[in-house]
Amino acid sequence: MIRTLVTGATGALGVALRPRLIAVGHVVRGASRSPPTESEENLEWVELDLIEGTGMESAVKNVDVVIHAATAPQGDTDEVDVQGTKRLLEAAQEAGVENFLYPSIVGVDDVPLTYYEHKVAAETAVEDGGVPATIVRATQFHSFVAEMLGYVAKLPVWPLPTSMQFQPVDVREVADVIVDHATPVASGRIDPVGGPDVCSVGELARIYRTARGLRRPIIRVPIPGKTAAGFRDGHAICPDHRAGTVTWTEWLAERYTSSSDEMNARAQSTT
Ligand SMILES: NC(=O)c1ccc[n+]([C@@H]2O[C@H](COP(=O)([O-])OP(=O)(O)OC[C@H]3O[C@@H](n4cnc5c(N)ncnc54)[C@H](OP(=O)(O)O)[C@@H]3O)[C@@H](O)[C@H]2O)c1
């Protein structure tokens, strides 16, 4: 029986990983600063703070595999993603962990962005950390793209860098790949995981607009600089690795149909 720690267990990837690992027989310990909102059968829980360094030993105790999915893209990425990863690696080495699995992002070494620089530093720490490791890069999750477009959705017009390119993927399919590699034998760097289609931001926004039944005009805003150029020039995509099968259109249909079903069910239950 494989005992697996999932850090960032309340995040998008962590939530997708937990039931999949349990389904294939892992004993799963989830960790983050705050516990999940709903209890899950067969899930152990540890409070872990990567900045404070609290909960490290209890998190890794008797664990065979660590899936380190904690991250703080809106926070102090050096402290959480780099220093926190180093602290966790030390504890994992001490505890005799056999496979330290690290999810990263396609293009982190090609697109100049502070968060991406810190992801590269974390990848390097993982490779040099003295624990056998598996690193898997993925493209942006559909949920992340939806969150980004959600910020402009309320505006009367949508100003967007329409020519940037993305290849969004369903986080559940990224989780499937990670679970396949969550064994006591580390795999090193594995093939990146991308979604089925490469789309411009303009295309993604038009599909999103249709799925939400909105009619806002989309306006192209050219963004200068090397970061925007990196996304425009396709450095954050991996067209040769279309492991995901769920398209952006399908994912949006599932999300907005199920939310309208839920709303209808709620409306019916209150009448
Ligand atoms: N999102 C994407 O589109 C995408 C694409 C490719 C790869 N990835 C990678 O996939 C991994 C997971 O990303 P995600 O989108 O699932 O992240 P997420 O939804 O932002 O979740 C982040 C998780 O990290 C935990 N966390 C944050 N600060 C922490 C701290 N100081 N100590 C302990 N835990 C902390 C959070 O819980 P608390 O706040 O409760 O602590 C949460 O569980 C990351 O490595 C990310 O780079 C993401």
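Which residue in strand 5 is the bridge partner of V66? I looked this up first, in what is a predicted model. The partner of V66 in strand 5 is F100.

**Entry: the sheet**

I then followed the strands around that pair. Strand 4 (residues 65-68) and strand 5 (residues 99-105) run parallel and are joined by three bridges. They belong to an open sheet of seven strands, and its order is 3-2-1-4-5-6-9. The pairing in this sheet is parallel. I noted the edges as well: strand 3 (43-47) and strand 9 (188-189) each have a single partner strand, so one side of each has no neighbour in the sheet. For background, I wrote down that strands of a sheet pair through backbone hydrogen bonds, either parallel or antiparallel.

Next I looked at what lies across the strands. Helix 3 (residues 77-95) lies across strand 1 (3-7), strand 4 and strand 5. Its angle to strand 5 is about 165°.

D81 is a residue of helix 3. Is D81 buried or exposed? D81 counts as buried because its relative accessibility is 0%, and the cut-off for buried is under 20%. I listed the residues that D81 touches, leaving out those up to four places away in sequence; among them are A70, T71, Y102, Y115, K119 and A122. I also checked a distance: D81 and A121 are 40 residues apart along the chain, and their C-alpha atoms are separated by 8.5 Å.

**Entry: V111**

V111 sits in the loop between strand 5 and helix 4. I found V111 to be buried, at 2% relative accessibility. Beyond four places in sequence, V111 touches Y116, T227, G230, F231 and H235. From V111 to A236 I count 125 residues in sequence, while the C-alpha to C-alpha distance is 7.3 Å.

E123 is in helix 4 (residues 114-127). With a relative accessible area of 1%, E123 is buried. Its contacts beyond four places in sequence are Y102, S104, V108, I135, R137 and R189.

With R189, the side chain of E123 forms a salt bridge at 3.0 Å, N to O. This pair links distant parts of the chain, since R189 is in strand 9 and E123 in helix 4, 66 residues apart. R189 is partly exposed, with a relative accessible area of 42%.

The side chain of R189 also meets that of E127 in a salt bridge, 3.0 Å from N to O. Here R189 in strand 9 and E127 in helix 4 are 62 residues apart. E127 counts as partly exposed, at 45% relative accessibility.

**Entry: E40 and R18**

The count of salt bridges comes to eleven. Another one I looked up joins the side chains of E40 and R18, at 2.8 Å from N to O. E40 is in the loop between strand 2 (27-32) and strand 3, R18 is in helix 1 (residues 12-23), and the two are 22 residues apart. E40 is partly exposed, with a relative accessible area of 24%, whereas R18 counts as buried at 6%.

**Entry: a patch on the surface**

Last, I looked at the surface. V157, I219, V221 and I223 form a nonpolar patch there, with about 260 Å² of accessible area together. V157 lies in the loop between helix 5 (142-153) and strand 7 (158-160). V157 is partly exposed, with a relative accessible area of 34%.

Key:
Residues are numbered from 1 along each chain as its sequence is written. This is a predicted model: local features need pLDDT of at least 70, side-chain atom pairs count only at pLDDT 80 or more; totals for chains, interfaces and linings use all residues. Side-chain values use heavy atoms; hydrogens and water are left out. Two strands pair if DSSP finds at least two bridges between them. Helices (H or I, at least four residues) and strands (E, at least two) are DSSP runs, numbered from the N terminus. Contact means heavy atoms within 4.5 Å. Axes are lines fitted to C-alpha atoms, for helices over the stretch in contact, and angles run from 0 to 180 degrees between N-to-C directions. Patches are made of residues with over 30% relative accessible area and no salt bridge: like charges are joined within 9 Å, nonpolar side chains (Val, Leu, Ile, Met, Phe, Trp, Tyr) within 5 Å. Accessible areas come from the Shrake-Rupley method with a 1.4 Å probe; for residues, only the protein chains shown count as cover. A salt bridge is a side-chain nitrogen of Lys or Arg within 4 Å of a carboxyl oxygen of Asp or Glu. Buried means under 20% relative accessible area, exposed over 50%, partly exposed in between (1.4 Å probe, protein chains only).
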